Amino acid sequence: SASLDAELADLRERLKIAGEMEEQAPQFPKITFNGEVRFRGETRQNFDFGSGNVPDSDYYVDQRVRLGADVRVSENLRALIQFQDVRRWGEEVSTIDDSADGADLHQGYLDIEKVFNEGDVLRTGRQELLFGAQRLVSPLDCANQARSFVAIRWFGDIGPVNTHVFASQLATNRDVTG
């Protein structure tokens, strides 16, 4: 009985030390995977106002698939990458040509947190931007393709005001060589 009590006491001490070591162990990197699969059936009747250039009605199914990873590198550093594949069922002519070209990087950015004070973030890379009623700047998530912007953005509180400052450039028309 005495040796059993000694063994139990030794086990308790080892578990206590293991728990303390686990608390002191670095908690990074933390990786969270995410995804989305969205199907949307649509029908259009007289969508060209009777011009006669296209059939008077159309029925189709759109699909959007997103796969991503959110990586917490350290307490103040985070990275996100998200791929998106968008297509209309039946649009691919072949599996070996370039008609199945709906896959792209939707978001890929790096966050640096606590740049100036607690709670602010500097984000750089390809990201969704949306503000207010989303009339001027929006990812337009109702569209199957949805938009993202290559931008640099800082957001946080300045006194009682939640503030967002960003810079991005709309793509300009490019010639064939560009």
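Two strands count as paired here if DSSP finds at least two bridges between them, with strands (E, at least two residues) and helices (H or I, at least four residues) taken as DSSP runs numbered from the N terminus. By that rule, strand β4 (residues 103-113) and strand β5 (residues 121-127) pair in the antiparallel sense over 6 bridges.

## What we're looking at

This is a predicted model, so local features need pLDDT of at least 70 and side-chain atom pairs count only at pLDDT 80 or more, while totals for chains, interfaces and linings use all residues. Residues are numbered from 1 along each chain as its sequence is written, and side-chain values use heavy atoms, with hydrogens and water left out.

The inventory is quick to give: 1 helix and 7 strands. Reading from the N terminus, the elements go α-β-β-β-β-β-β-β.

## The sheet

What order do the strands of the open sheet take? The order is β1-β2-β3-β4-β5-β6-β7, and the pairing is antiparallel. The edges belong to β1 (30-45) and β7 (161-168), each with a single partner strand, so one side of each has no neighbour in the sheet. From one strand to the next, the twist averages 15 degrees (axes are lines fitted to C-alpha atoms, for helices over the stretch in contact, and angles run from 0 to 180 degrees between N-to-C directions).

You can walk across part of the sheet one bridge at a time. Strand β3 (residues 77-88) and β4 run antiparallel, joined by 9 bridges, and Ala-79 has Leu-110 of β4 as its bridge partner. Leu-110 in turn is bridged to Thr-124 in β5. From there, Thr-124 is bridged to Ile-152 in β6; β5 and strand β6 (residues 149-158) are antiparallel too, with 7 bridges between them.

## Surface and contacts

Of the 178 residues in the protein, 24% are buried. The cut-offs are under 20% relative accessible area for buried, over 50% for exposed, and partly exposed in between (1.4 Å probe, protein chains only). The accessible surface of the protein is about 13000 Å², and carbon and sulfur atoms account for 57% of it. These areas come from the Shrake-Rupley method with a 1.4 Å probe; for residues, only the protein chains shown count as cover.

As for contacts (heavy atoms within 4.5 Å), take those between residues at least 6 apart in sequence: 48% of them join residues at least 24 apart.

## Salt bridges

A salt bridge here means a side-chain nitrogen of Lys or Arg within 4 Å of a carboxyl oxygen of Asp or Glu. The count by this rule is 15. One of them sits in helix α1 (residues 2-24), where Arg-14 and Asp-10 are 4 residues apart, about one turn of the helix. Their closest N and O atoms are 3.3 Å apart. Arg-14 is exposed, at 56% relative accessible area, while Asp-10 is partly exposed at 35%.

Others reach further along the chain. Arg-64 and Asp-141 meet at 3.1 Å, N to O. Arg-64 lies in strand β2 (residues 57-74) and Asp-141 in the loop between β5 and β6, so this pair ties together parts that are 77 residues apart in sequence. Arg-64 is buried, with a relative accessible area of 1%, whereas Asp-141 is partly exposed at 35%. Both belong to a salt-bridge network that links Glu-36, Arg-64, Arg-66, Glu-128 and Asp-141.

Then there's Asp-111 with Arg-78, at 2.8 Å, N to O. This pair links distant parts of the chain, with Asp-111 in strand β4 and Arg-78 in strand β3, 33 residues apart. Are Asp-111 and Arg-78 buried or exposed? Both are buried.

Arg-87 is in strand β3 and counts as buried, at 17% relative accessibility. Its side chain makes a polar contact of 2.6 Å with that of Asp-85. A polar contact is a pair of N or O atoms within 3.5 Å; within protein, one must be able to donate a hydrogen and the other to accept it, and residues adjacent in sequence count only if both atoms are side-chain atoms.

Most residues other than glycine have a negative phi. Gln-134 has a positive one, near 60 degrees, and Ala-146 has a positive one as well, near 55 degrees. Gln-134 lies in the loop between β5 and β6, and Ala-146 is found in that loop between β5 and β6 too. Gln-134 is partly exposed, at 35% relative accessibility, but Ala-146 is buried at 12%.
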